[in-house]
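Have a look at the model first.

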Amino acid sequence: MAESRHARLKALFTEAVDLPPGQREAFLAESCPVDLRDELEELLDFETDDGFLAPECDSTPPPAAPAAARLDDGQLLGGYRILRELGAGGMGRVFEAEQDRPRRLVALKVVHGLRTGGELARRFEREAEVLGRLEHPGIARICEAGIDEALGVPFLAMELVDGVPLLDFARNHALDDRERLDLIARIADAVQHAHQKGVIHRDLKPGNVLVARSDATPRILDFGIARTFGHDDDLDTTRDGQVLGTVTHMSPEQAAGRLEDVDTRTDVYALGVLAFELLTDGEQPHDTTGLGLHAALSRIVETPARRLDQLVPRLRGDVATIVHKALQPERDRRYQSAAAFADDVRRYLGAQPIQARPATPWYQVSRFAARNRSLTAAAAVAILSLVGGTAVATWKAIEASEAAAQEREARQRAERRLGDVREFATKAVFEIHDEIKHLSGSIDARRQLLDVGHDALVRLQAEESDDPDLIREVAVAWSQQGRLRGGDTYHLGKSADATSCFETAITLWQRLLASDAAPKATDRSKLGLTHYRLAMLDLDARDLDAAEQRLRTAIEVMEPGLEAFPEHMDLPGDLGSVWTRLGRVLMEQERAAEALQAIETGLALNRESLLRAVSDEDRAYHLRGLIVSHNWLGNHHYDRGDLEAAETEYRQYLDYAEQVCALLPDDELDASNLAIAHKKLARVHRKRGALDAALQAERHALDVMESLAAVDAGSREPNLRRVSQWLDSTLSCAGTELQLGRAAAARETLARGLLARQLLTPHIADTQSWAWSCVAYANLAAELLLLQDDAVGALRELHDAGPALRRALAGDTPKGTLRTAADFVALRIVTRSRLGQDQQAREELPELRRLTREILDREASDEPRSFELQLELLDGALRGSSETAHAATQAWLGPRGDKASEAERRVRRALAIAESRRR
Amino acid sequence: MSGERPDPLPEVYTELRAVAAGYLRRTPSAAPTIQATALVHEAWLQIAKHDETRWRSRTHFAALASKVMRDVLVDEARARKAAKRGGDRQRLTLSGLSPETDSPDVDVLALHEALERLAAEDPEQARIVELRFFGGMTGDEIAETVGVSRRTVVRELKMAQAWLLREMTRDGDPSDG
């Protein structure tokens, strides 16, 4: 196959492009086929070295290098005579050169491949002028920046420093830590000077700092040069080795490519790296040995710096603190200026307390956990053991420092560290816990975390401090420990551990209340609540007597607070919860009178706190507490058959639910509370036989449920739980309407709920109760169709719900559901009988018989009796001809319960008529 | 081994798009110059840290990212074009080199269109351009990804650049046509 035109062009282009411009014409004339010549010529016109596709990471010398490569010893460049080459790097070459006037030696930097002219030249000159303003003994001066017109090469003449690279100097002179720190402070001074002149170095590293042989002054080279030559941010322009050399000194913002974040604090970070290297004799904060470029960058961005004091233990304390403050990944947490860094170094050298606070490990860990929501529990464990280690190490440091307590500095340091332990044990542990508690499999990590916090708390307590705030904080932390170990949603199920934590907290609260320090209302409240939590643990262990005792103790503690602090907002509510809980415990002990009294007391307190609440949120919180209590009381009375009392409680419940909804109209939970109140009232009415009132309440519930579900019913993933509540309300409503003989209304209600059923039907495999709802819907629909003599439609309705029934019967059959199944089968029998399919109808009778038997076995109320009767009637009707089918319908669909005898009479009459006709 | 892992393209595509779109949003509209290297780098840091094992290498990732970046940038450019139609047309430009060098700004849409034509002539060359320009990959990385020598990459890019510049110049400004 012939080569394509493009391929031929490519071959010619590649050949031509390497030729010097002068020879291209000849090449075109001699070697290029005529048909391609014009196009090739055109392409060559567009050829350029540094266009938008110029490849980076060029491991061959850039094409424009010859300009610099031609520089030889003795040559003149921009008025300087080149003496010898000092070195070459990715960016260019450095020569020692001589200037005539004034007569001096300079370092002459010539940059590779930089084209001159236009905007670039102007910028170059502008930058050079700025650099020229830097006048500091710690900065190698820029003598001149210019462009050699003849050669077309930009150059930079700098003060020639006769010095030794920083690390070599330190090694050669065997400097001790203090001498090294002194050097660092002086380097920071120079950096600060440049920052004041508006120049950022961006590429500060030991190789860029020489220590002058003459006066042992450190001098920074190449200040601002990276930027001037536009190469600072372009990692890939230099060769790999050099890239890595630079990368290891990069700040996280540079490594992450967030160039807009580079500012003077980037140099502060670099000073931190410099200090780290100088103090460890060449180690770097991030070990990037053997990593590729991008892995190295990621490591700088992703991981915290190695601890200086782990590499050099004697630097633990202030020195490590200072260096690591400079090395903070977030700029805002570093020293905000080079001067601040220098100051702290000098404070340390002058034995003054430093400004920096150690970056607490918990801060880093909680940040880490916050960033990594997908963190695995295993990783969390690893990190937490790290934290644990650090906390213990910190503690040991405190003990050591205590021994030397005469020294004020040591004392201050000890206090600072005590503060850290305190913060860790009383706050950080719980913050981290909250961050990780949702992670699957985090139980081990959480337990370890709590154990670390536990140890720290024990040690804090050993302080024997009289500081009431400290005692308070520690007590709160103990309670918290207890809750997380055994008394909270995410608890670890260690109730024995929890008990001892709560008891420790109680001891502390008691100490606090006994002391002179004015006790706060919250102290009483918290002590009481700690007793309350212990009571909850007793309840878990089914020890009702112990729970009662604890709750009474809690009340004793809290009650005096009510009078002492009449304005306190939380106390009545907290105490109210305790009374309510006591009421339930008493109820379980079957001490109903006492129980009701306790609950009433709780309710009164809840109402009191409702009055004291200032914000809507608080009000809603207390209202919800009242709702729970009234609901509970209502259920209690209902179960005992006291419908009057039940109605009163439910009405109160409804009233509060309406109030909450008015306060927070958008809260879904409150709205469904409202619907539940209506349903409970409907239940009371129904029990009384007041079907009209029941229907009204059910309609209210349905309206709420429907509007709740409507919020996202049209979305791709509607909230199915809400949809199922909507469907259930629809079914109760339509059922009541049917019972009241309002078939048209029932039909309308069912039609309104059709969407709910359609939304739920695809998901019946997930949840059994949804399957039951779908069966119940089909029953109602079929019954309504039969009333319209649409047996075909009814059969279709039942047939469609077949899978739902199979699913529903596949699991447990909670109370009432078997009735739904029996209704379903009976309706199918009746429908078939209406359609003249008597044989098939009769075949289903055994199934109905089986279900009826099961219902009778399981439910010992009156209703099954009439149920059985209905079965007999149905059976009898089916024995007759199809003319008795209507009677059969009547037998199943007629009123049940009290009205069953009426139905029986009618069915028997129908049967008799059918019998006589047959004769 | 490699057969077990499904191609991560579909699931990560959305993620990448989000990163790129976020990057574009943060880029001040006054200076809509984006550096592809930094963009892909950021995307890499954001995505690869979730699941490093999902990626054979950064180059594998960048090759994918370059496709996404192209989509995103072209979409963005189209949107801007639509928004600016009638007024002074603001070009979304992208400089493959550092923004501070003198390299010419490139009209992303024009480049995209020219690149489609190049793909018809020489798919591999077009792919190399995509990796370089939209993926911000270095010559070495492209060489590794495509499986050719670095020298070849350099040659291809040089030719492609001249070819594309010529194409874009020839077209003038299609949006005003």
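## Ground rules and overview

Two residues count as in contact if their C-beta atoms, placed from the backbone, lie within 7 Å. Among contacts in chain A between residues at least 6 apart in sequence, 62% link residues at least 24 apart. Of the chain's 919 residues, 44% come out as buried, meaning 20 or more other C-beta atoms lie within 10 Å of the residue's own, with C-beta atoms placed from the backbone (12 or fewer is exposed, in between is partly exposed).

This is a predicted model, so local features need pLDDT of at least 70 and side-chain atom pairs count only at pLDDT 80 or more, while totals for chains, interfaces and linings use all residues. Residues are numbered from 1 along each chain as its sequence is written, with chains lettered from A and ligands numbered from 1 in the order in which they are written.

Chain A has 40 helices and nine strands. These are DSSP runs numbered from the N terminus: H or I with at least four residues for helices, E with at least two for strands.

## The three-stranded sheet

One open sheet has the strand order S7-S8-S9 in chain A, paired antiparallel; strands pair if DSSP finds at least two bridges between them. S7 (163-165) and S9 (218-220) of chain A sit at the edges with a single partner strand each, so one side of each has no neighbour in the sheet. On average, neighbouring strands are turned by 35° against each other, direction ignored. Axes here are lines fitted to C-alpha atoms, for helices over the stretch in contact, and angles run from 0 to 180 degrees between N-to-C directions.

Three bridges join S7(A) to S8(A), and S8 (residues 209-212) of chain A also pairs with S9(A) over three bridges. Val211(A) has Val164(A) as a bridge partner and Pro218(A) as another, in S9(A). Helix H7 (residues 177-196) of chain A packs on the sheet, touching S8 and S9 of chain A, and its direction makes about 35° with that of S9(A).

S8(A) and S9(A) form a hairpin with five residues between them, and Ala216(A) in the turn has a positive phi of about 60°.

## A helix crossing

The axes of H33 (residues 768-787) and H35 (residues 802-810) of chain A come within 8 Å and cross at roughly 140°. H33(A) and H35(A) are therefore oblique to each other (under 35 degrees is roughly parallel, over 145 roughly antiparallel, 65 to 115 roughly perpendicular, the rest oblique).
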